[in-house]
Amino acid sequence: MTPPFIDLGVHHQPKGASDRIAYSFTKLLRWTADTFFAERYGHRAVVLETVAAVPGMVGATITHLACLRRICDDKGWIKTLMDEAENERMHLMTFIEVSKPTWFERAVIIGVQWVFYLFFFGLYLVSSKTAHRVVGYFEEEAVISYTHYLAEIDEGRSPNVPAPEIAKRYWGLPENATLRDVVLVVRADEAHHRDVNHGFANELAGLPAGPVADCPPHVALEPIWKKVA
């Protein structure tokens, strides 16, 4: 499989108090994840993807309500953010199959999700620019984490098991695809979300959005009503 090209060196230099708050908060969460999970990247992915699927849904909900109140166009933000939330949820469903989280880790997921949802909802109401910058920095760290995960696989410290069926269906991976192939497409997804959210934050700050990494092709999940109609 040809790995999707992404620029591993992308980093938004913090500018102003809002960016510095977002960057510091992200680094704090990075330190917490490193301390709690060490190099158990599969288990780390399960918990972090649970968190990563929250911002897109929160942003889409608040943007939707704001557009209703103001009777204005969303400029495509709602669909973009909903797609991001769905994509991150598919990451979670994939790594659930890989790492088989314990009941303790499932309890951590529930607690972390509620705390982060409430925090991010409040942050988005106060400053959507800061909220999108936080997500941009989150995704920068995700790209780094998945790059480390690839190194673990390539150097034999993590088994390169067959790709889960859900991943092969979603990304259209070949039948002989492995975990390494999955990590490559997930990392490319995260790079895409990184650039999109930094672009949203820039737009809200009156700055150029900048280039966006390509998102790997994947199957669009169809609503059930389309199958029964």
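Is Phe138 buried or exposed? At 15% relative accessibility, Phe138 counts as buried, where buried means under 20% relative accessible area, exposed means over 50% and partly exposed lies in between (1.4 Å probe, protein chains only). The model shown in these views is predicted, with local features needing pLDDT of at least 70, side-chain atom pairs counting only at pLDDT 80 or more, and totals for chains, interfaces and linings using all residues. Residues are numbered from 1 along each chain as its sequence is written, and side-chain values use heavy atoms, with hydrogens and water left out.

**View 1. Phe95 and Tyr146 form a stacked aromatic pair.** Welcome to one of the 12 aromatic pairs in the structure. Rings of Phe, Tyr and Trp (its six-membered ring) pair if their centres lie within 6.5 Å; planes under 30 degrees apart count as stacked, over 60 as edge-to-face and the rest as tilted. Here the centres are 5.8 Å apart, with 20° between the planes. Phe95 lies in helix α3 (residues 77–99) and Tyr146 in helix α5 (residues 128–154), so the pair ties together parts 51 residues apart in sequence. Helices (H or I, at least four residues) are DSSP runs, numbered from the N terminus. Phe95 is buried at 0% relative accessible area, and Tyr146 is buried at 6%.

**View 2. Phe116 and Phe138 make a tilted pair.** Their ring centres sit 5.7 Å apart, with the planes at 35°. Phe116 belongs to helix α4 (residues 103–126) and Phe138 to helix α5, so this pair links parts 22 residues apart in sequence. Phe116 is buried, with 6% relative accessibility.

**View 3. Ring pairs build a cluster.** Look for Phe25, Phe116, Phe119, Phe120, Tyr124 and Phe138, which ring pairs link together.

Note on methods: Helices (H or I, at least four residues) and strands (E, at least two) are DSSP runs, numbered from the N terminus.
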